[in-house]
Amino acid sequence: MQRLRTNLILASLMTLFAGISAHADTIFFATLTNSQENPPVTPTTSTGAPRPVSFGHATFILNDAQTALSLTVTIFNIDVTGSQTADTFDNLLAAHIHAPAPPGMNAGVRWGFFGAPDNDNNPDNLVIAPFTNGQIGGVFSSIWNQTEGNNTTLTAQLPSILAGLSYINFHTTQFGGGEIRGQIQPVPEPTTLILLGTGLAGAALRQRKKRKNGGVE
């Protein structure tokens, strides 16, 4: 599972790197995990049994005019339709962007795009592509337009977003306060991005070697 998550993050970053020089838009990313929730959470079924770890990754593009923030989020092991699993604890209830908050701190909803509050309404840009073939989760895409917001606007929240003081949060039946969460961070400049990708790949290799050696590196 760790290898899968590392590969997904690395693939997302390399895809972003390929297009960075093509436009002047500002690009952000987020890695969504249970451990970033405050407090951290451990998903279970309604009977208390363990269930597959939920996680996700997101990319965001702020247009050059700073009037629209496009997002694409892929989440895993959260039921996005209510029928991907028989249990209800993993059912998705809502998805929001929150601000202002540094990592580990909580903040109010500034823009909701699934469930309540629904602020994706001027216009409604949300598209959901649930996984099929027995997979749990799906891909969300939408646009936070300039005048949308939960008693606020994108324009008013831009200082927090640009400063890394916002996060994306997916809420479930089991965890109404949030099951997976990720801090929204600017994509590093190209050299740092390559080093970051190399570091992720190296960490994955070290974890594999450690498991093969019985926990010893």
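T44 counts as buried, with a relative accessibility of 19%, where buried means under 20% relative accessible area, exposed over 50% and partly exposed in between, using a 1.4 Å probe and protein chains only. T44 lies in the loop between β1 and β2 of a predicted model, in which local features need pLDDT of at least 70, side-chain atom pairs count only at pLDDT 80 or more, and totals for chains, interfaces and linings use all residues. Residues are numbered from 1 along each chain as its sequence is written, and side-chain values use heavy atoms, with hydrogens and water left out.

**Surroundings of T44**
- Apart from neighbours within four places in sequence, T44 is in contact (heavy atoms within 4.5 Å) with A49, P50, R51, F89 and Q174.
- The side chains of T44 and Q174 make a polar contact at 2.9 Å, a term for a pair of N or O atoms within 3.5 Å in which, within protein, one must be able to donate a hydrogen and the other to accept it, while residues adjacent in sequence count only if both atoms are side-chain atoms.

**The salt bridge**
- R51, one of the contacts of T44, forms a salt bridge with E179, and their closest N and O atoms are 2.7 Å apart; the term requires a side-chain nitrogen of Lys or Arg within 4 Å of a carboxyl oxygen of Asp or Glu.
- This pair links distant parts of the chain, 128 residues apart, with R51 in the loop between β1 (26-32) and β2 (55-62) and E179 in the loop between β8 (167-172) and β9 (180-183).
- Both R51 and E179 are buried, and the count by this rule comes to one salt bridge.

**Strands and sheet**
- The chain has three helices and ten strands, taken as DSSP runs numbered from the N terminus, with helices being H or I of at least four residues and strands being E of at least two.
- Four strands form an open sheet in the order β5-β4-β8-β9, with antiparallel pairing, where two strands pair if DSSP finds at least two bridges between them.
- β5 (109-114) and β9 stand at the edges with a single partner strand each, so one side of each is left without a neighbour in the sheet.
- Strand β4 (residues 92-98) runs antiparallel to β5 and is joined to it by four bridges; A95 has F114 in β5 as its bridge partner.

**The chain as a whole**
- Of its 217 residues, 42% count as buried.
- Among contacts between residues at least 6 apart in sequence, 64% join residues at least 24 apart.
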